[in-house]
Every structure is written in structure tokens, then in C-alpha cells.
Amino acid sequence: MNRTWLLTLAVIFVGNASACWAAEIPKISDRHVFLRGTLTNSLYQFREKKTGHVAFIGGSITQMNGYRPMVASLLQKRFPETTFTFTAAGISSTCSTTGAFRLATDVLAKGPVDLFFIEFAVNDDQDAGHSSQECVRGMEGIVRQVREHNPTADMVITHFVNPGMLKQLQEGKTPLTMAAHDRVANHYQVSTIHLAKEIAHLTLARAISWEQYGGTHPKPFGNAIGTAMIDQLLEKAWLAPATKKQPHATVQTLLDSHSYSQGHFRRPDQATIRSGWKWEVPRWQELPGSKRSQFTMIPMLQTTTPGSELVFKFQGNAVGAYIVAGPDAGIVESRIDNQPPQTIDLFHRHSRGLHYPRTVMFGQGLKAGLHTLTLKMTADKNAGSSGNAMRIMQFTVNGPR
């Protein structure tokens, strides 16, 4: 696929192209395109079976009108006789931890995936502020679940970039989240597109500017560069013969024994309410702060009252909750079995003006088996918060479904 076509695609996505996109995208090197293992299973499926399930998971970069629809158009153009199903599972603000727990519901429930694109480097950094360990647990959880669901699934991890990460790369450093995700990619022989390094190279060489690329949420010009790199990867990978589908090599050992390889959601109405909690759709019109429409019509287990208490039983080695934390987010006390309680501040720096989706973990690295989680709202609150609220969309459990 030539770069002129990719530029045309970028223009389509902005309607009337402005002058800054009038030039063809710069020459893309192959030094930041990493083919590991094979991607011929998807080629065989698309070319011979004439059907394909292509899925994308990530944060706002995946949810936005950017690289995801460009790649979808690229595939449709390459295989005009193939009927594709495209699953768009990007959710703004979410990280790889949330991704590992929502994967089964948002992607795998729609059927085996033939080609899967994963994007979480930016959100693991700027939204979640994850440690390297948490990055590995989330990304390994995603990769492992996909491979167990369909051993022939081909995967690609793409590293996008924000200003802080770009500065590190320009200084010759590798951002923490990218290094952690690359450890997973190497362990499972998953291909990667290091768009971030390519942008660092192009900006240092003054071939493009950060403004031209478009920032953390790239403009069509920037997304076209990412799509060109994906096309380059597929061109290289699909030179190999594809006469049948074969399972990818089985990796027995987890990088982290507590990775979310059995991550899944549990409905919060399965909890036992002792006092103060209600299972309902929040009265959003009465609550200050911006709301995202995808969350405003769903019931949540919520409370705004200190002392509210619930009990949730689960089987596994980790438990948490996928919540929306707005301007009134409180502080919750959690206890697992007879362990000492811990307090968790639900308020996020983005909660000041937004009911912000995030996953908070109450316990990790537990002994596998049946456990009891107790949650109790405290009377304390973050200095920036106006209340003592908690709104649970799902419990997150790492263990048998």
C-alpha cells in the first residue's frame, strides 16, 4: 500500500484538508517495526476463507476517529472480497488493567479474533500512572486471554506517544510503559509498532513537527504515519507462505504469576448489601461534572453515604472495581477476608470536572481460592472532592469465571 493512498485516507478523515496535510507523509523507516513470530494465520483467514474478525482495544486513541478506521479501510482495500467484522473496543481514559478485565465482555464475547490490535502505552502512563509490574500484569493478561480463546489469533501492540514520553525517547530513554509492554511482546512473540520511536526520530530530524503529528491524540496526518507502519509490518509478515492456520507457540510460564490472565467482570448486583448501597442508574442530571454517554444509561451499585457497607464473595487471586469517579468521589475502606483494612482514595486528578472511568484494585497476589471482600465508605474525602460517593460499574476478578 503506498503512502499517497494513506495520505488520501488521512484527508478523507478531516473532510477539507488544511495546508499542513497537503504534503505527503515522510518516508517511514523500518527500524521501529518489529515482526515477531508470524501473522500468516490472519492472512490465510482473510485470503482463503474470505471472512475475518479484526478487533482493536485501547484508550481514547483507539476510540477516536483515527488509526483504527484507517487500518480497517486498509484491510478492506487489500481484501475487497473478504467480509470483515470490526470490533472497536477503545474506551477513553482506560488502561491495560481495565483492558484485561473487560476483554472477555468487550471483545472475546463477539467471537474468535483473527487479527488483534492493542494500544495502551499512553494511558498506562498518563492516566493510570502504572508501575512496570502493573503494566505487565495488564498486558500479559490481555495477550494470554486472547491466545487461550483462539490459539491462532495474530496480535500487534502499537505504542503511541505523549509529550513526556516523546521527550524521554528523544533523550535516548525508553518510557516505562513501553518497556514493560515490550517485555510481554518478547515473551509471547507478539509483533509491535513503535510509532513513538518513529515520531521521536522524525521530530529530531525535523522531518515533521509535534504539532503536525497532532499531539497525544494525533491528527489524521499522524494517524496515517501509524497506519503506514502497520501496513509495512503486514507487507513484511505476509510475504511468508500461508497454506494453513497453525496455533502460535504455547508459552507455559507467566512473566508475572499474578498477571490478569483470568481477568473478567462480575456484576456488582451480586454483592450483599449490608447498608447504604443501591443498584440503580444514577441521577446524572443532579450531579455536577461532565458525563460520558456510554456510562449514563447503565445501572451501577452506588452510595454517597459514609458507613455504607457491602460484602462481595469471589474466587481468584485479585479483586477490584471498575468505577466512575467524579467530583464527589469518596474514600473507601476495603478488607479481604481477615486481613487488615486499607483505604483507597477514589478521586482521580481528572475527577474534578468529569465522572472518570477507572479500575481500582483492592487486592492482588492473593492465594487462589474463595475470598470475601468487604467495602465500607469512610467519612473522609480527598481535599478536591465534594462528597463520599462510589459508583461501581463492575467488579474485576482474576480467577475462574
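Author: In this predicted model, the count of salt bridges comes to 13.

Reader: What makes the contact between R47 and E48 a salt bridge?

Author: The closest N and O atoms of R47 and E48 are 3.1 Å apart, and because the rule asks for a side-chain nitrogen of Lys or Arg within 4 Å of a carboxyl oxygen of Asp or Glu, the pair qualifies.

Reader: Why are R47 and E48 called partly exposed?

Author: The relative accessibility of R47 is 36% and that of E48 is 43%; since buried means under 20% and exposed means over 50%, both values fall in between, and therefore both residues count as partly exposed.

Reader: Are R78 and D231 buried or partly exposed, and what makes them so?

Author: R78 has a relative accessible area of 24%, which lies between 20% and 50%, so R78 is partly exposed. D231, by contrast, has a relative accessible area of 3%, and because this is under 20%, D231 is buried.

Reader: Why is the pair of R137 and D256 said to tie together parts of the chain?

Author: The side chains of R137 and D256 meet in a salt bridge, at 3.1 Å from N to O. R137 lies in helix α7 (residues 132-149), whereas D256 lies in the loop between α12 and β7 (263-266), so the pair ties together parts that are 119 residues apart in sequence. With relative accessibilities of 6% for R137 and 12% for D256, both values are under 20%, and therefore both residues count as buried.

Reader: What makes R78, D231 and E235 one network?

Author: Salt bridges that share partners join R78, D231 and E235.

Reader: Turning to the sheet, what makes β8 and β14 its edge strands?

Author: The open sheet has five strands in the order β8-β11-β16-β13-β14, with antiparallel pairing, and β8 (272-275) and β14 (342-345) are the edge strands because each pairs on one side only.

Reader: How do you know that β8 and β11 pair?

Author: β8 and strand β11 (residues 309-315) are joined in the antiparallel sense over three bridges, and because at least two bridges are required, they count as paired. Within these strands, S275 stands opposite E309 in β11.

Methods: Residues are numbered from 1 along each chain as its sequence is written. This is a predicted model: local features need pLDDT of at least 70, side-chain atom pairs count only at pLDDT 80 or more; totals for chains, interfaces and linings use all residues. Side-chain values use heavy atoms; hydrogens and water are left out. Buried means under 20% relative accessible area, exposed over 50%, partly exposed in between (1.4 Å probe, protein chains only). Helices (H or I, at least four residues) and strands (E, at least two) are DSSP runs, numbered from the N terminus.
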